[in-house]
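Please examine the structure shown below, together with its sequence. The paragraphs that follow lead from a single helix to the sheet and then to the ligand.

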Amino acid sequence: MTTTLAIANQKGGVAKTTTVASLGAALAELGHSVLLVDLDPQACLTFSLGIDPEDLELSVHHVLTKGLDPTEVLIETDDGVDLVPATIELARAEAELLTRTGREHVLRSMIEALEEAEVDYDWILLDCPPSLGVLTVAALTAADGVLVPLQCETLSHRGVGQLLDTVHDVRRFTNRGLEVWGVLPTLYDGRTNHARTVLETISETYDLEVVEPPIPKTIKFAEAPAAGRSILATSRSSKGAQAYREVAGNLVARSQRPKVKKGKR
Ligand code: ADP
Ligand code: MG
């Protein structure tokens, strides 16, 4: 059984990409097979896994807009995870898909094509771009769950309501089974009461689960992408790496929880 998780927040710089790379490596350490999908035209995930997007002729863009078989673009990375990479060409996908029937389903189709090719994963993590456009909606449509990285500072919650509205629409129209797995506090400075207060306010206001533990703010994260590996490899025993390992363990437990039956609440 594959669990597909969209890592989404339309705000940039909240550690979506870092979370995808780090959780991917942590799940791989636990012995799970993992696919990461870069859905951001900035291609930061692709780059941070040691692949220069400029060297790629084919990428997720060709799969989503031209129907290329996804096995043609899969890359094995040094972090023990597979990657569907992005390039700047993906910036055109949003506009190209806008007029296409079935655009919400392009990622779901990609995942089905992998299943048909018998390329199976325990986890598929979708690194969403910083918008609520076609690509994010397609990711939510393909996902079992959505995890929202959130930097715990004042005003960081301003986009959360909008994101949850989008989740609500996706549930209504394209993916009834989508579940909100919760918010993951990132860039967390536990020394301040402020961070904890903001987190509590957000989880109460929106009735959201908080995925533990918070990911501490540490300079180690800035160094990892340049090395082409996640922080789990570049700084194995750092607090940040440890936190992501614990989150990965909690997500595995969460994936084994029975699904809430829709319509019975
Ligand atoms: P997003 O994908 O949401 O735009 P990124 O994952 O690219 O966010 O992270 C934005 C920046 O914050 C990057 O420079 C990254 O290295 C840094 N960063 C991410 N997590 C942490 C952390 N826990 N501590 C310090 N810096 C972090
Ligand atoms: Mg990103």
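Helices here are DSSP runs of H or I with at least four residues, numbered from the N terminus. In this predicted model, Leu251 belongs to helix H11, which spans residues 239-255. Glu212 lies 39 residues away from Leu251 along the chain, and the C-alpha atoms of the two are separated by 9.5 Å.

The sheet comes next. Seven strands form an open sheet in the order E3-E4-E2-E5-E1-E6-E7, and the pairing is mixed. In general, strands of a sheet pair through backbone hydrogen bonds, in either a parallel or an antiparallel sense.

Strand E2, residues 34-38, is joined by 3 bridges to strand E4, residues 82-84, and the two run parallel. Within this pair, Leu36 stands opposite Leu83 of E4. E2 also pairs in the parallel sense with strand E5, residues 123-127, over 5 bridges, and there Trp123 of E5 is the bridge partner of Val34. In a regular strand, side chains alternate between the two faces of the sheet. How are the two faces of E2 covered? Val34, Leu36 and Asp38 lie on one side, Leu35 and Val37 on the other, and all are buried. E2 is thus mostly covered, with 5 of its 5 residues buried.

E6 pairs with strand E1 (residues 3-7) in the parallel sense over 3 bridges, and Leu5 stands opposite Gly145 of E6. Strand E7 (residues 179-186) runs parallel to E6 and is joined to it by 7 bridges; here Leu150 stands opposite Pro185 of E7. From E6 the chain crosses through helix H7 (residues 160-173) to E7, in a right-handed β-α-β crossover.

An unreviewed UniProt entry places the feature "domain: AAA" at residues 3-179. Over residues 3-179 the chain is 39% helix and 16% strand, with the end C-alpha atoms 12 Å apart.

The ligand remains. Around ligand 1 there are 17 residues, of which Ala15, Lys16, Thr17, Thr18 and Phe221 come nearest. Helix H1 (16-29) and helix H9 (220-227) are the elements that give two or more residues to this shell. The largest share, 3 residues, comes from H1.

Which residues of H9 are buried? They are Phe221, Ala224 and Pro225. These residues cover an arc of only 90° around the axis, which puts them on the same side of H9. An α-helix has 3.6 residues a turn, so residues three or four places apart point the same way. The face of H9 turned away from its buried side carries the exposed residues Ala222 and Ala226.

Conventions:
Residues are numbered from 1 along each chain as its sequence is written. Chains are lettered from A and ligands numbered from 1 in the order in which they are written. This is a predicted model: local features need pLDDT of at least 70, side-chain atom pairs count only at pLDDT 80 or more; totals for chains, interfaces and linings use all residues. A residue is near a molecule or strand if its C-beta atom, placed from the backbone, lies within 6 Å of it. Two strands pair if DSSP finds at least two bridges between them. A crossover is right-handed if, with the strands pointing away from the viewer, the path from the first strand over the helix to the second runs clockwise. UniProt positions are given in the numbering used here, feature names are shortened, and annotations may be inferred rather than shown by experiment. A residue is buried if 20 or more other C-beta atoms lie within 10 Å of its own, exposed if 12 or fewer, and partly exposed in between; C-beta atoms are placed from the backbone. The arc is that of the directions from the helix axis to the C-beta atoms.
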